[in-house]
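Hi,

Here is the structure I promised to hand over. Please open it first; my notes follow below.

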Amino acid sequence: MLFKKEKAKPYIPDYKLDFNHACILAASKKVVDEIQKNLELTEDYMEASRKTLEQFGNTSSSSIWYELAYLEANSKVKNGDRIWQVAFGSGFKCNSVVWKALRNVRKPKLSPWIED
């Protein structure tokens, strides 16, 4: 039937198979919670987003760079890891990029996550 009233569940890829880490726009706790729920991501994937929101608040799309710095400062990025950065804008704007680590990332000397 063309106009069936059944509600089909949308297909959601298992992003955990493709990426080792995620840096998702930390706009608010509610946004982070909803993205986690809808993309079926674990707390490990959301850690950098949540910590960035706690530490810096909503920094708009720049939060994804604080999140990447968090992963680096905590020595979480290893050779071959794939990091997915996702940022949203107003309306239908969304950008994402995937980075692949070509080596183990050492703890940086300077980082917004390293206290003096």
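I'll start with one serine. Leaving aside its neighbours within four places in sequence, S75 is in contact with V105 and K107. Keep in mind that this is a predicted model. S75 sits in the loop that runs between α3 (63-73) and β2 (82-88). At 31% relative accessibility, S75 counts as partly exposed, because that class lies between the cut-offs of 20% and 50%. E115 is 40 residues away from S75 along the chain, and their C-alpha atoms are separated by 15 Å.

Next, the sheet. It is open and has 3 strands, in the order β1-β2-β3, with mixed pairing. β1 (21-24) and β3 (94-100) are the edge strands, each pairing on one side only. On average, neighbouring strands are turned by 15° against each other, direction ignored. β2 and β3 pair in the antiparallel sense, over 7 bridges.

Last, the helix pair. The axes of α1 (residues 29-39) and α2 (residues 43-56) come within 11 Å and cross at roughly 170°. That angle is over 145°, so α1 is roughly antiparallel to α2. From α1, the contact uses K29, V32, D33 and Q36; from α2, it uses E43, M46, S49, R50 and L53. By class, this contact has 3 nonpolar, 2 polar and 4 charged residues.

Best wishes

Technical notes:
Residues numbered from 1 in each chain as written. Predicted model: local features only at pLDDT ≥ 70, side-chain atom pairs only at ≥ 80, totals over all residues. Heavy atoms only, no water. Axes fitted to C-alpha atoms, helices over the stretch in contact; angles between N-to-C directions. Helix = DSSP H or I, 4+ residues; strand = E, 2+ residues; numbered from the N terminus. Parallel < 35°, antiparallel > 145°, perpendicular 65-115°, else oblique. Contact = heavy atoms within 4.5 Å. Nonpolar A, V, L, I, M, F, W, Y, C, P; charged D, E, K, R; others polar. Buried < 20%, exposed > 50% of the residue type's maximum accessible area, 1.4 Å probe, protein only. Pairing = 2+ DSSP bridges.
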